[in-house]
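Dear colleague,

Please find below the sequence and structure that I am handing over to you. My findings follow directly after them.

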Amino acid sequence: MKKIITLLLALVMAASLLAGCASGGAAATPAETTAAPAPAETTAAETTAAETTTEAETSATKIFTDSLGREVEVPTHITKVAVSGPLAQIVLFAICPDELVGIANEWDEVAQGFFDEKYYNLPVLGQLYGGKGELNLETLLASGAEVVIDVGEPKGSAKEDLDALQEQTGIPFIHVTAMLSTFPDAYRMLGDLLDKQDEAEKIAAYLEKTYANIQKISEGADKVNLLYITGDEGHNVIAQGSYHAEIIDLLSNNLAVVDEPSSKGTGNEVDMEQIFNWNPDYIIFDPSSIYSEIGDDATWQQVKAIQDGNYFEAPQGPYNWMGFPPSVQRYLGMMWMAKLLYPDAADFDLYAEVSEYFELFYHCSLSQEKFDELVKNSIGK
């Protein structure tokens with residue numbers, strides 16, 4: 001590139017000298033040559049060279065290897081990002097909120113007041129896996145997305161699915177695997193993909209620190225017997241060993257042992273007799289379940305956790321802190337659950353920790369008043 005610019009400058013200077021000779025003017029002295037302003041053509045040449053450089057940088061691509069081992073050609077500087085679903089949306093909002101060209105589904109009402117208003121007007125893209133919808137390819141193509149990013153637990157057919165969609169749309173599809181303990185590595189991979197290494201490292205360092213602290217509490221705890229209950233009637237449980245149960249299994253003795261743990265956020269359906277048999281010391285109810293009805297229900301009063309008042313509703317805002325989808329917001333759930341179950345070991349200020357998370361991942365501040373509202377059904381009675 002330097003050779004090209006040098007050649008252009010030489011040609012311009014030669015042309016200027018020829019023009020001077022043709023006019024019959026006297027040759028300039030050395031002093032005059034030094035003081036004379038640069039010819040206008042030089043500026044034009046430099047501008048042309050700069051534009052050429054910018055165009056080359058814009059059109060440049062690189063090969064990125066995703067978590068599935070797929071080598072995908074992507075733009076070197078990505079400015080328009082589409083998400084494959086709500087899990088990816090939560091992850092990517094932390095590192096590239098202004099590059100998002102759409103959201104997976106409409107914002108829940110509980111999210112109102114947390115995010116900047118501009119993010120509510122993004123088009124709805126749908127989701128690749130799970131849920132009731134599907135990826136809206138027409139909206140995706142109209143969004144101008146330069147890449148579609150899928151984050152989370154890889155489905156068995158993920159490689160084939162992403163290859164097919166990539167061929168169909170002409171848009172690169174990338175999968176980044178992220179489990180509870182590997183989110184730091186996932187963010188570092190995203191930092192390399194999106195050329196946001198500094199932002200990614202800040203997030204990854206926070207997650208590593210938080211996970212190490214909670215893991216230490218977990219290892220030293222005498223685990224309580226617990227169920228996480230979902231469903232309109234409270235007859236679904238998040239089973240031990242499922243992807244959705246990572247926090248529950250980490251911080252408690254998850255009594256919900258079933259033959260085939262469900263991969264769905266609704267969990268496994270059981271009956272009251274099974275819940276009586278498990279008879280947990282603690283119950284956490286999903287925000288969409290029956291927490292508010294339990295106190296006056298004679299049937300549920302037969303369960304030890306209800307008798308002892310050790311039942312709680314998972315905090316929600318702007319997402320369920322325990323997952324659903326099982327994204328990075330589960331780090332909030334880890335901190336809350338550790339503080340709830342093992343307050344002596346979890347000697348941190350929960351409000352301070354949650355506030356730091358909100359600043360880093362949601363780009364907003366959290367008042368003490370708002371925090372108290374979020375956990376009003378989620379702390380010891």
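Strand β6 (residues 225-230) and strand β10 run parallel and are joined by four bridges. Within this pairing, leucine 226 lies opposite tyrosine 282 of β10. Please note that the model is a predicted one.

Strand β10 also pairs with strand β11 (residues 311-313), again in the parallel sense, over three bridges. Here phenylalanine 285 has glutamate 313 in β11 as its bridge partner. In a regular strand, side chains alternate between the two faces of the sheet. In β10 (residues 282-285), Tyr282 and Ile284 are buried on one side, and Ile283 and Phe285 are buried on the other, so that both faces are covered.

The next element is helix α4 (residues 86-95). Ten of its ten residues are buried, and the helix is therefore largely enclosed by the rest of the structure. Among these buried residues are Pro86, Gln89, Phe93 and Ile95.

Finally, I draw your attention to arginine 330, which is located in helix α13 (residues 330-341). Is this arginine 330 buried or exposed? Arginine 330 counts as buried, because its relative accessibility is 0% and buried means under 20%. Its side chain reaches the backbone oxygen of proline 326 at 3.1 Å. Beyond its neighbours within four places in sequence, arginine 330 is in contact with several residues, including Phe183, Tyr243, Glu246 and Trp321.

Yours sincerely,
A colleague

How values were computed: Residues are numbered from 1 along each chain as its sequence is written. This is a predicted model: local features need pLDDT of at least 70, side-chain atom pairs count only at pLDDT 80 or more; totals for chains, interfaces and linings use all residues. Side-chain values use heavy atoms; hydrogens and water are left out. Buried means under 20% relative accessible area, exposed over 50%, partly exposed in between (1.4 Å probe, protein chains only). Helices (H or I, at least four residues) and strands (E, at least two) are DSSP runs, numbered from the N terminus. Two strands pair if DSSP finds at least two bridges between them. A polar contact is a pair of N or O atoms within 3.5 Å; within protein, one must be able to donate a hydrogen and the other to accept it, and residues adjacent in sequence count only if both atoms are side-chain atoms. Contact means heavy atoms within 4.5 Å.
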